[in-house]
Amino acid sequence: MCVKKELLVRPIEHGTVIDHINAGQALNVIRIIGIAGSTGSVVSIAMNVASKQMELKDIVKIEGRELSSKQVDKISLISPDATINIIRNYDVISKYNVELPEEITGIVRCNNPDCITNSDEPVASSFTVTKKPVILRCKYCDHIISEEIAEQLI
Amino acid sequence: MSYSLDHVISMKDFTREMIDEVLELAEKLEPFARGRPCRMLENKLLALLFYEPSTRTRLSFDAAIKRLGGSSINFGMVEASSVSKGETLADTIQVVSEYADAIVLRHPKEGAARMASDYSSVPVINAGDGEGHHPTQTLLDLYTIKRESKLEEIDIALVGDLRYGRTVHSFAYALSLYGVNIYLVSPPQLQMPQHIKSDLVHRGITIRETNNIEDVLGKIDVLYMTRIQKERFAEQSEYLAVAGSYRLGSEMLYSARENLIIMHPLPRVNEIDASVDATSHARYFKQSFYGVPTRMAVLVKLLGVKI
């Protein structure tokens, strides 16, 4: 007997599919991309989908959008295994894995209120990044961010 | 091998070889710290930028540059400077680095010295950034141990607030380069964070923990006392109870090794009773003096003077 597989969300014509998002992080990815209720684009979100690679994953599909490198860096911090698929005429024309940068500047706020980067000084926050698990260490005050990184995204 | 230093911001920037070189240089400079005339840093101008009060650090840097024939400038009270008009630290540093040959900075914000080094055209020395680093304190503590005890294969107890005081964390890291045995003595709520303890163990040193200072007094060569701060406790009564049990009196030293030295970064409040001052173990005032040759060595290194 043949089991008919149904797509959870329909394919998109032009845009971006972000796959292999850590389960539970899709809404943070939406926030990173800057999608709000008034954006107007077609956005599909699937959460806690079964996955061969990662047990459970989230997926986000956005019509008519491509991501900036800053947005991809932010996604890599909360979902280091995410893949980005660029879609044209329903075809995947490009697919790549996000890559955790070794250093990030100006995309995460230091969670130490006494850090010099949280003052009126003209200095951007900057972190060195270690992988698996993702740990950020502030270049200035040495504080470590290892949990709830999404909360600190600028 | 000789190395060059651009700035002195954190002990993490130092290797064991670099520390040894500073300590050896401090020893050579000690006669000048005691007053032998010297013109090694003649015409060198050191800017002392203290955004927070300081006695020992500020005066010992001032003494160090002047004893070596140089001079210093400072902006006095923060209230009387452009800082009170809202000038950023970044701007102040850019201005002052055009006036002076090196800058000593103490600032309430963590990471201030690292940021200052990004904006300065001359070397920056971190003289304390909030709860952050204070590398010349660690260097002078190591120098004190080298001069008054020995730096290798000793047993040392770190006592007091081991949780929040990050200078004690960088001191512990620096000690780990010298293969010492460390006893951590603190009340449960002020214990050294787990990740630092694991780092130290990975570096191959032995750590033992207790909350009773008398457990360790007969087993150590160096007793390093720190201040327990009132603001770390929610209740005044809790603070008083803890502070009382971490007070060292001369009557407690009956079991101490003959060569035990007692150190404290000062100022002390009441962690060490004045009766300890007269014992052969007290070294905290000498430790304060050693701040001068140690800071002389840092200045000589940073200003690239060969001796």
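Which residue in β9(A) is the bridge partner of A:L136? The bridge partner of A:L136 in β9(A) is A:I145, and the legends below set this pair in context. This is a predicted model, in which local features need pLDDT of at least 70, side-chain atom pairs count only at pLDDT 80 or more, and totals for chains, interfaces and linings use all residues. Residues are numbered from 1 along each chain as its sequence is written, while chains are lettered from A and ligands numbered from 1 in the order in which they are written.

**View 1. Strand β8 of chain A and its two partners.** Strands are DSSP runs (E, at least two residues) and helices likewise (H or I, at least four), numbered from the N terminus; two strands pair if DSSP finds at least two bridges between them. Strand β7 (residues 126-130) of chain A runs antiparallel to β8(A) and is joined to β8(A) by four bridges. Within this pairing, A:T130 stands opposite A:I135. Four residues separate the two strands of the hairpin, and A:K132 in the turn has a positive phi of about 45 degrees. On the other pairing, two bridges connect β8(A) with the antiparallel strand β9 (residues 144-145) of chain A. That hairpin has five residues between its strands, with A:D142 at a positive phi near 75 degrees. β8 (residues 135-138) of chain A has a covered face, formed by A:L136 and A:C138, and an uncovered face, formed by A:I135 and A:R137.

**View 2. The surroundings of B:V122.** B:V122 lies in the loop between α4 (112-119) and β4 (124-129) of chain B. B:V122 counts as buried because it has 21 C-beta neighbours inside 10 Å; the cut-off for buried is 20 or more other C-beta atoms within 10 Å, with C-beta atoms placed from the backbone. Apart from neighbours within four places in sequence, B:V122 is in contact (C-beta atoms, placed from the backbone, within 7 Å) with B:S97, B:A100, B:D101, B:A102 and B:I103. The C-alpha atoms of B:V122 and B:L303 are separated by 9.1 Å, although these residues are 181 residues apart along the chain.

**View 3. The largest nonpolar core.** A nonpolar core is a set of buried Ala, Val, Leu, Ile, Met, Phe, Trp, Tyr and Cys residues joined through C-beta atoms within 7 Å. The largest has 114 residues, and those with the most contacts inside it include B:I103 and B:M296. Helix α9 (residues 284-302) of chain B gives the largest share of this core, eight residues.

Note on methods. Buried ≥ 20, exposed ≤ 12 C-beta atoms within 10 Å, placed from the backbone. Contact = placed C-beta atoms within 7 Å.
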